[in-house]
Amino acid sequence: MVNADDLLNNLCKFCINKKINLKKHLQRYDISKNGKIGKSDFKRAIEELKIGFISYDLEKMAKACKMPNSDDI
């Protein structure tokens, strides 16, 4: 079973190899421009990259990235 750190490392490596600015990619989902996105938007943004993560992986990454006392990322 892959842990969240490994998943996030794979995401970063993918973005580096494809020359994708992950911060800018995620900012597109920050409609309120407050520096935060919801869990569903985060998962949709990662799915859009077509890396091949399954729902379980996306959920694990979202949990690892969420802010304390909030579901925002």
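Within helix α4, the residues Asp 57, Leu 58, Lys 60, Met 61 and Ala 62 are buried, where buried means under 20% relative accessible area, exposed over 50%, and partly exposed in between (1.4 Å probe, protein chains only). The structure is a predicted model, in which local features need pLDDT of at least 70 and side-chain atom pairs count only at pLDDT 80 or more, while totals for chains, interfaces and linings use all residues. Residues are numbered from 1 along each chain as its sequence is written, and side-chain values use heavy atoms, with hydrogens and water left out.

The cover over the buried residues of α4 includes α1 (4-18) and α3 (39-48). Helices (H or I, at least four residues) and strands (E, at least two) are DSSP runs, numbered from the N terminus. The protein has 4 helices and 0 strands, and its elements follow the order α-α-α-α from the N terminus. The radius of gyration, taken over C-alpha atoms, is 12 Å, close to the 11 Å given by the globule rule for 73 residues, so the protein is as compact as a globular protein of that length. That rule is 2.2 Å times the number of residues to the power 0.38. The C-alpha trace spans about 30 × 25 × 15 Å along its principal axes, and buried residues account for 32% of the 73 residues.

Contacts, defined as heavy atoms within 4.5 Å, can be followed next. Of those between residues at least 6 apart in sequence, 51% join residues at least 24 apart. His 25, in helix α2 (residues 22-27), counts as buried because its relative accessibility is 7%. Apart from neighbours within four places in sequence, His 25 is in contact with Ala 45, Glu 48 and Leu 49.

Lys 33, in the loop between α2 and α3, has a phi near 60°, a positive value in a residue other than glycine. Lys 33 is exposed, with a relative accessible area of 64%. Lys 50 lies in the loop between α3 and α4 and has a positive phi of about 60°, although it is not a glycine. At 70% relative accessibility, Lys 50 is likewise classed as exposed.
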